[in-house]
Amino acid sequence: MREKCRRWLFPGPTLVFSVAVALFWVALRVNYSGISKFLGADTNQSFLIMNLPLMVCAAAWVGVGLALGGMAHWPRRKWHAVTALVIEIVMALGALVVIHFGARDYLRFILVHYYKSLAVAGCIGLFALALYFPVRGRARLLKGLLLAAVVFGAVVLGYGLRRCDFSCGPVVYAVEDRYQIVFSTSDNAVAWVEIGGERYFDLYAGSMRSADRVHKVEVPQKMLDIARGYTICAQQMLYRGPFGGYKGETISESINFRGVDASDGLQYYALSDVHEAVGAAAAVASGEDADFIVLIGDMVSMVETEADAQLANDLAYAITGGEIPVIYARGNHEIKGEQAENLYKYVGSRDQGFSYWVSLGDQVFGVVLDIGEDHEDDWWEYYGTAQFDLYRAEQTRMLEELLAAGDYEAYPYRMAICHIPIVHVNKHGYFEETKNTWTELLNEMGADISLSGHEHELWPLLPGQYVPGQTLTYSFDYIGDSGKIEGGHLTDFAFPSFLVGRRSLRQQGGTQKNGNSQYTCLRVEADLAGGIQTARYVNSKGETLTVVDPFEGRIGRYETIVTELVP
């Protein structure tokens, strides 16, 4: 035994280090495109630049193979282990460089994969050690107990012998003329909502969903507005077989609710680009006077895990407690990640998409639009998967149909919500035709306000103050450097438009990267009887910001921006 330990004194730790480094490069895959971008992939998509991260990862695993060879041949042949150590030290330094130059912002996503991989590798390693070191005497009993514990743990994990609790929510999303009540359980369960003695179920084609931990139940909007309360219920599903099954305990929680009442005017908060800063964003928007809140995309930087998909719910519940409605628009970062295609289960959506009309009571009508990614469909980072031109065309038809139907005319307050600004065309000219078309349709609809994010800016863009299509130049007051060309231009919009979210306490400068303790969003108050609305930017310190017009040629410093509603 001692001789074996001496033989492993160098190659053993070398193998552990090699596996740890190689697994980190596998977990780093969420940043492979970022590495290629840093190397110049935007303009040079050569084989080497596009595949270098994967090649480095492969080299790290070559080091693991050499380390295994060192285990087998040490001390007779030492070059295997020594070479492996040199390779992995270089790979580790390379990983540190990648983190320093950009991956730092994504470490929380990288480490989720890394820790899981380390746990699996550790279990495999312990199993291999148990095989390599035979035991005798009393140690056999200990080995048997350990194996029994492993089997029991596998049964618990595999067959759900665990407690079921509510783990997130509820959040009441407004979609069209219905509410979608979303909540989650810690284990698979069937779920339903009770309102005024009626039950509404989480269904799939007539069958209660039982293989999910996130639950979405649609209820009539008027029913919940009148009842002013609901109860979420779930029953754990231990096993569902073809002709039988086993259920666990039933849990429930009752929530008060208040629909939108504009008799004293409308008050709401609009948030975008939170990027995991849940605490700071919730501190800004929490308040008993809000009628509803609007989440305008990029609550999370990528949707890699179920926890990432839940982040919008974490924020919405922290603000609302499930007691007021929420309107949700998807951001471009929420298209990225392994769980992005399942996001529709967790938030307000229609037919697995994120564009729809929405009404709140008899006062508010809105259209939620989704441009999708922020480059054209042939952009290299989308590796041939983007088909957003078709998606945007569907939304154009939706707007045209809404205009033809004319139902929006019955609502005194009309909103347009989209993560990527509709009225701003960037210097590359992306989606210019779509944005011009949508602007014309929203002008015709008589939109009272447009809410967007994406740019991580706080821009009040007021109609009638800009020349459509004219190249934009930042004002001196905005950046302190007169004459800088922004390079984009604005569409011919007839409604006030606001970019609403920024991880900072100020309009410019301040915290952005890696900053989760500061946040600023937009608060809007609409006096429907008086025909005006006021908007102001508020931050997580409870301060109202004084903001300036961002572009040259405009004159204005605002604490509150007052605009007239469309008659």
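Predicted model: local features only at pLDDT ≥ 70, side-chain atom pairs only at ≥ 80, totals over all residues.

Visitor: Start with helix α9. How many of its residues are buried?

Guide: Helix α9 covers residues 278–285, and six of its eight residues are buried.

Visitor: Which ones are the buried residues of α9?

Guide: They are Val278, Ala280, Ala281, Ala282, Val284 and Ala285.

Visitor: And what covers them?

Guide: The cover includes strands β10 (266–271), β21 (520–527) and β22 (532–539), along with helix α11 (311–320).

Visitor: You mention β21. Which residue does Arg523 form a salt bridge with?

Guide: Arg523 pairs with Asp289, and their closest N and O atoms are 2.6 Å apart. Arg523 sits in strand β21, while Asp289 lies in the loop between α9 and β11 (292–296), so the pair links parts of the chain 234 residues apart.

Visitor: Why does Arg523 count as buried?

Guide: Arg523 has a relative accessibility of 5%, and buried means under 20%. Asp289 is partly exposed, with a relative accessible area of 37%.

Visitor: Why would two such side chains pair at all?

Guide: Side chains of opposite charge can pair when their charged atoms come close.

Visitor: Okay, new topic. How many salt bridges are there in the whole structure?

Guide: A search of the whole structure gives 17.

Visitor: Give me another. What does Arg213 meet in a salt bridge?

Guide: The side chain of Arg213 meets that of Glu306, at 3.1 Å from N to O. Arg213 is in the loop between β6 (207–208) and β7 (214–220), Glu306 is in helix α10 (residues 306–309), and the two are 93 residues apart.

Visitor: How exposed is Arg213?

Guide: Arg213 is partly exposed, at 36% relative accessible area. Glu306 is also partly exposed, at 38%.

Visitor: What about Asp370, which residue is its partner?

Guide: Asp370 forms a salt bridge with Arg330, with 2.8 Å between the closest N and O atoms. Asp370 is in the loop between β14 (364–369) and α12 (388–405), Arg330 is in the loop between β12 (325–329) and β13 (356–360), and 40 residues separate them.

Visitor: Are Asp370 and Arg330 buried or exposed?

Guide: Both Asp370 and Arg330 are buried.

Visitor: Last one. Which residues are linked in a network of salt bridges?

Guide: Glu176, Arg178, Glu218 and Arg350 are linked in such a network.

Key
Residues numbered from 1 in each chain as written. Heavy atoms only, no water. Buried < 20%, exposed > 50% of the residue type's maximum accessible area, 1.4 Å probe, protein only. Helix = DSSP H or I, 4+ residues; strand = E, 2+ residues; numbered from the N terminus. Contact = heavy atoms within 4.5 Å. Salt bridge = Lys/Arg side-chain N within 4 Å of Asp/Glu carboxyl O.
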